[in-house]
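This briefing is intended for reading alongside the sequence and the three-dimensional structure. Please keep both in view while going through the points.

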Amino acid sequence: RTTQGWGVTSIVFDSKNSLWCNTAYGLANYDGKRWQYHQNNYGLFENIYNDITIDVNDIIWCGGQGLYKFDGKNWNKYSTPELIICESIVVDDFGNVYCGDYSRVLLFNGYKWYVIEEISGYKNLVGDVSVDFGNGNVWACDNYKLVNLGLYKYWDYPNGTSSINHCLAFANNGNIWVGLSDGLWKFTGSE
């Protein structure tokens, strides 16, 4: 059995090269021989997740209506009234977890939640949060702009472009690529 027809939203690999993916019906992982499905009956509290990441300690983090952590045996849910829905997740080198929700970026340090960026307007969905591991800067993109969270600087997308689906990637040369609903935008740091 595969995840065919399951609407896969994100994919990562752990240190053992096992594939983990979010699907419309829950989390699935494939160890090269068999699929294992992590759903409500597996200790999770919901079946629909938006993003998944793995930290340097091989801990699985996934987001949905809360933040979930899998240590290899057990699932734990970390929720807060501030977190509406975790659309995107990234973990920095210090173990801080950043979640992008409908209009904010939140930080979870393992004990406490902090709102680190409030982006005005419900339509400003934070589509991706990412860390540039070359310099430690945390970036986010919403429907209208790219945000450097450490510098509190914003760059609007070119020509008034707005996007519904978006993602970030860092190139080795320092450029940032943003996936927009109408194509790609390359940010060189001077736009």
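The model is predicted: local features need pLDDT of at least 70, side-chain atom pairs count only at pLDDT 80 or more, and totals for chains, interfaces and linings use all residues. Residues are numbered from 1 along each chain as its sequence is written, and side-chain values use heavy atoms, with hydrogens and water left out.

**Sheet β1-β2-β3-β4**

- An open sheet is formed by four strands in the order β1-β2-β3-β4, with antiparallel pairing; strands are DSSP runs (E, at least two residues) numbered from the N terminus, and two strands pair if DSSP finds at least two bridges between them.
- At the edges are β1 (10-13) and β4, each of which pairs on one side only.
- On average, neighbouring strands of this sheet are turned by 20 degrees against each other, direction ignored; the axes are lines fitted to C-alpha atoms, and angles run from 0 to 180 degrees between N-to-C directions.
- Five bridges pair strand β2 (residues 19-23) with strand β3 (residues 26-30) in the antiparallel sense, and Cys 21 stands opposite Ala 28 in β3.

**Surroundings of Ile 11**

- Ile 11 belongs to strand β1, and its C-alpha is 6.8 Å from that of Asn 22, 11 residues apart in sequence.
- Leaving aside residues up to four places away in sequence, Ile 11 touches Leu 19, Trp 20, Cys 21 and Ile 52 (contact means heavy atoms within 4.5 Å).

**Sheet β13-β14-β15-β16**

- Four strands in the order β13-β14-β15-β16 form an open sheet with antiparallel pairing.
- Because β13 (128-132) and β16 stand at the edges with a single partner strand each, one side of each is left without a neighbour in the sheet.
- Strand β14 (residues 137-141) pairs with β15 in the antiparallel sense over three bridges, and Ala 140 stands opposite Val 147 in β15.
- Strand β15 (residues 145-148) pairs with strand β16 (residues 153-156) over four bridges, also in the antiparallel sense; Lys 145 stands opposite Asp 156 in β16.
- The hairpin of β15 and β16 has four residues between the strands, and Tyr 152 takes a positive phi near 55 degrees.

**Hairpin β7-β8**

- Strand β7 (residues 66-70) and strand β8 (residues 75-78) run antiparallel and are joined by four bridges, with Tyr 68 opposite Lys 77 in β8.
- Four residues lie between β7 and β8 in this hairpin, and Gly 72 in the turn has a positive phi of about 105 degrees.

**Aromatic pairs**

- Nine aromatic pairs are found in a search of the whole structure; rings of Phe, Tyr and Trp (its six-membered ring) pair if their centres lie within 6.5 Å, and planes under 30 degrees apart count as stacked, over 60 as edge-to-face and the rest as tilted.
- The rings of Trp 61 and Tyr 78 have centres 6.1 Å apart and planes at 35 degrees, so this pair is tilted.
- This pair links distant parts of the chain, with Trp 61 in strand β6 (residues 60-64) and Tyr 78 in strand β8, 17 residues apart.

**Largest pocket**

- The largest pocket holds about 320 Å³ of space. On a 1 Å grid over the protein atoms alone, a pocket is an open set of points where a 1.4 Å probe fits, with protein on both sides within 12 Å along at least five of seven lines, and lining residues have an atom within 4 Å of a point. Grid points are joined across faces, edges and corners, and the volume is the space filled by probe spheres set on the points.
- The lining of the largest pocket comprises six nonpolar, five polar and six charged residues (Ala, Val, Leu, Ile, Met, Phe, Trp, Tyr, Cys and Pro count as nonpolar, Asp, Glu, Lys and Arg as charged, and the others, Gly among them, as polar).
- Strand β4 (residues 35-38) gives the most to this lining, with three residues.
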